[in-house]
Amino acid sequence: MDLRPFFQVDDGRVRLLGTRCASCGTAAFPTIRVCPACGGRDHLPAGLPARGRVVSSARVSTPPAGFGEPVTVAVVTLDDGPSLFALLSADPAEPAQLAAGTPVEAVPGPVRGGAAGFVFRTAREDRAAA
Amino acid sequence: MTDVWVAGVGMTPFGKFADTSIADLGATAVLAALDDAAVEPGQVHAAYAGHARTGQLHGRENGVGQLVLGQVGIRGIPVTGVGNFCASGSSAFREAVIAVKSGLVDVALALGVEKLSARAEKGRPLTSDGMEFEGEFGFTPPAFFALVAKTYMSRTGATPESLARVAVKNRDHAKHNPYAQYREPVTVEQVLGSRMIADPLTLLSCCPTGDGAAAAVLVSDAVAARIGRSRLVRVRATSLLSGFGSPVRDGHFEVDRRTAAAAYEQAGIGPSDVDVAEVHDAFTVTEIIHYEDLGLCPVGEGARFVDEGRTAIGGQIPVSTSGGLMSKGHPLGATGIAQVHEIVTQLRGEAGSRQVEGARVGLTHCAGGFFDGDVASSAVHLLGG
Ligand SMILES: [Zn+2]
């Protein structure tokens, strides 16, 4: 699946292409039409910073086709509110699993079949401050 | 308004039947249900067919109902395909119940069929419709429920051993069910020692796939009076909701709580009135969470409930007496109606060695698919009493 409609990389930082309510600011990813918080009809395109916290993570020994090795997956809640299913970085410098509450951020990285996408890793201080 | 009665049920054994077509599987279940009800094919006024993967695997995204019913000479009636992931069969049953309840028809047939052995990707978890985006990031159903399990276990202190006891119990139940695909006993050690799929879920913590079909005949008061009510089972509630919660965050299924609450309200009974239940034990951990969400035990005590044998046959509220999806396998479209088959068999007192003594009220629960961080559907039915 072509992930290009779902994210952008600006200056090495991943932004998720969702929507934000013009009335109350509630964010959504992927995009929606009607605000679940206030019913507003103006959910406008918004690039959401791919930063958030781990809700739960698990090591998957039998991943779907297109992954050669076991992977670690998680549900991440973005600082802007929405949650998404996330692939964690396979970088050996990263911990094998991340505890609930760990701050994470997305960086460009390979997904299924080595395709260009984004993966989450532990948040770096400089980025958290940025 | 008429009551709705299950007049007959029928199913094929669940297993891997490479040489049997979906038409044959479905027809076998339909004929068994019609014979059980003593209803002739020509007396069926409407039919609903549950199936989820026949498009991808058999080139029949639509028309499975017509295909099966053509085998048994049922034509010229309203036939509707019902797709709702793992809850396709439950949803077809619900549509048939509603058709009779509305007064539009007096005899409705619900059928469900699936043949998953035709799929190519053996040895890997079944994928789920509509999860292509998440699949790019490694999503599989066991991966999702592993995330839910992690949260549930950290909240409640439930151990891997307690989870494994669900698989052990359900396999123990299955030894008495000729329709179950796997009937050999397993131990906690075997469950925990089997190949890891998604930590903490091992191979024997996940339900197998399978082929099979199930059917049920639903009738109105008028037809029930004609047939005689001695073996008829009343449908007390049908409840279906789409997902809206965050089970990975919560460690439970808010949608199941609301679906079950609506069912109990419809029936005017509570969880303590339930004598036997078939729940969606697609994974060991989910059965334990379902105990809590369906109100069968207090919140947080699901693991203790299985540890103490309260959901085993002979216990306080036997769950998955058929062996569950864990032992029968999970031919998606057939599963929900096979659950009804087991509950009807129990409430009639015809379950033989796995009979729950004095069972009067039974519950079926089936969840299906995924959407935006939750299951896509939750279905609960209450029967009997
Ligand atoms: Zn809003």
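A polar contact here is a pair of N or O atoms within 3.5 Å, where, within protein, one must be able to donate a hydrogen and the other to accept it. Keep that in mind as you open this predicted model and start where the two chains meet.

**Stop 1: the polar contacts.** Show chain A and chain B together: across their interface, 10 residue pairs are in polar contact, both partners at pLDDT 80 or more. On the chain A side, select β5 (51-60), β6 (71-78) and β7 (83-87), each of which supplies at least two residues that touch chain B. β5(A) gives the most, with six residues. Colour that side of chain A by class and you will find 19 nonpolar, five polar and two charged residues.

**Stop 2: the salt bridge.** How many salt bridges does the rule find across the interface of chain A and chain B? There is one. Select B:E136 and A:R112, whose side chains meet in a salt bridge at 3.6 Å, N to O.

**Stop 3: the whole interface.** Now select every contacting residue: 26 in chain A against 24 in chain B. The area buried between the chains is about 2,300 Å², and carbon and sulfur atoms give 65% of this.

**Stop 4: strands in chain B.** Move to β8(B), residues 233-242, which pairs with β1(B), residues 4-11, in the antiparallel sense over three bridges. Here B:W5 stands opposite B:R234. β8(B) also pairs with β11(B), residues 374-384, again antiparallel, over seven bridges. To finish, select B:L240 and look opposite for B:A379 in β11(B).

Notes. Residues are numbered from 1 along each chain as its sequence is written. Chains are lettered from A and ligands numbered from 1 in the order in which they are written. This is a predicted model: local features need pLDDT of at least 70, side-chain atom pairs count only at pLDDT 80 or more; totals for chains, interfaces and linings use all residues. Side-chain values use heavy atoms; hydrogens and water are left out. Two strands pair if DSSP finds at least two bridges between them. Helices (H or I, at least four residues) and strands (E, at least two) are DSSP runs, numbered from the N terminus. Contact means heavy atoms within 4.5 Å. Buried area is the accessible area (1.4 Å probe) that two parts lose on being put together, summed over both. A salt bridge is a side-chain nitrogen of Lys or Arg within 4 Å of a carboxyl oxygen of Asp or Glu. A polar contact is a pair of N or O atoms within 3.5 Å; within protein, one must be able to donate a hydrogen and the other to accept it, and residues adjacent in sequence count only if both atoms are side-chain atoms. Ala, Val, Leu, Ile, Met, Phe, Trp, Tyr, Cys and Pro count as nonpolar, Asp, Glu, Lys and Arg as charged, and the others, Gly among them, as polar.
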